[in-house]
Amino acid sequence: YSVEQWGFLTWFGDDEELKRIFNRFDAKVRVRPYYTPDYTVKDNVAYLNTDYGHVPLKVFGQHNLQNISGAKNICNELGLSDEKFYRAIATFEGAANRLQLLGQNEHTAVYRDFAHSPSKLKATVSAVKEQYPARELVAVMELHTFSSLNRDFLAEYKSSMNNADVPIVFLDKETFAHKKMPVLEEGFVKESFANEELRIFTDKDSLQQFLLNRTWKSSNLLLMTSGNFAGMDVEAVAKTVLA
């Protein structure tokens with residue numbers, strides 16, 4: 001192993017594959033799993049339920065909360081107390097393009113996320129829906145990476161957007177040309193996602209018009225891509241939606 005003798009490893013304890021790997025480590029490597037912490041969502045804010053009370057967070061979603069648990073294990077290992085950790089984590093605003101809040105008003109929030117892999121896409125959509133259960137969720141995902149544009153891989157996205165009330169996939173034909181890959185048929189994409197409600201856009205202007213012509217009261221917008229939606233001004237769209 002690459003871990004030094006008596007080194008420390010923390011890992012997500014509910015992952016069966018990680019269990020299989022880390023249960024084989026010998027006694028000279030110290031391992032400590034982490035899990036989804038006890039939490040509550042109230043008034044669109046996630047709270048950690050701790051021995052020190054309810055700790056309000058500026059991030060949300062089970063994947064973020066799991067990462068917080070892993071970070072707590074590491075900080076404890078470095079000598080930081082739970083109390084100091086919770087005090088600090090309450091100020092953490094998250095990383096850019098990871099459920100990044102572009103803006104909000106009293107009835108709408110607009111988020112941007114880097115989510116592109118099937119698991120991250122599903123986790124991100126589910127996180128926003130859990131955080132705002134009373135709001136309609138419009139989720140837009142751009143297929144942009146080599147794997148996501150691969151015909152043989154697309155079935156991995158099955159049901160990944162089912163928690164969105166209005167699921168949308170954007171395909172930029174220029175991306176296919178740039179990466180020298182065959183264009184995916186819209187019907188095949190819809191079939192791969194296994195979602196009858198899925199809308200597909202291949203033109204940036206049509207997508208933008210669809211978003212700007214919607215009524216956004218009691219609705220959230222989630223924009224997910226590792227690209228740029230063919231040059232669409234995401235921040236301008238967010239401002240118009242919130243206006």
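## A walk through a predicted model

Leu 99 is buried, because its relative accessible area of 9% falls under the 20% cut-off. Please keep in mind as you read that this is a predicted model.

**Two residues with a positive phi**

Let us stay with Leu 99 for a moment. Where is Leu 99 found? Leu 99 sits in the loop between H3 and strand S6, which spans residues 100–104. Its phi is near 50°, a positive value in a residue other than glycine.

Ser 218 also has a positive phi, of about 60°, although Ser 218 is not a glycine. You will find Ser 218 in the loop that runs between helix H7 (204–212) and strand S11 (219–224). Is Ser 218 buried, partly exposed or exposed? With 37% relative accessibility, Ser 218 counts as partly exposed, because this value lies between the cut-offs of 20% and 50%.

Here are the two residues side by side:

| Residue | Phi | Relative accessible area | Loop |
|---|---|---|---|
| Ser 218 | about 60° | 37% | between H7 and S11 |

**A sheet of three strands**

Now turn to the strands. In what order do the three strands of the open sheet come? The order is S3-S4-S5, with antiparallel pairing. Strand S3 (39–42) and strand S5 (53–56) are the edge strands, and each of them pairs on one side only. On average, neighbouring strands of this sheet are turned by 35° against each other, with direction ignored.

Strand S4 covers residues 45–50, and four bridges link S4 to S5 in the antiparallel sense. If you look for Leu 48, you will see Val 55 of S5 standing opposite.

Asn 49 belongs to strand S4. Which residues does Asn 49 touch, leaving aside those up to four places away in sequence? They are Asp 38, Tyr 39, Thr 40 and His 54. With Thr 40 there is also a polar contact between the side chains, at 2.9 Å.

**The buried side of helix H3**

Helix H3 takes in residues 82–89, and its buried residues are Phe 85, Tyr 86 and Ile 89. Why are these three on the same side of H3? They cover an arc of only 95° around the axis, so they share one side of the helix.

What covers the buried residues of H3? The cover includes strands S4 and S5, together with helix H2 (62–77).

How values were computed: Residues are numbered from 1 along each chain as its sequence is written. This is a predicted model: local features need pLDDT of at least 70, side-chain atom pairs count only at pLDDT 80 or more; totals for chains, interfaces and linings use all residues. Side-chain values use heavy atoms; hydrogens and water are left out. Two strands pair if DSSP finds at least two bridges between them. Axes are lines fitted to C-alpha atoms, for helices over the stretch in contact, and angles run from 0 to 180 degrees between N-to-C directions. A polar contact is a pair of N or O atoms within 3.5 Å; within protein, one must be able to donate a hydrogen and the other to accept it, and residues adjacent in sequence count only if both atoms are side-chain atoms. Contact means heavy atoms within 4.5 Å. Buried means under 20% relative accessible area, exposed over 50%, partly exposed in between (1.4 Å probe, protein chains only). The arc is that of the directions from the helix axis to the C-beta atoms.
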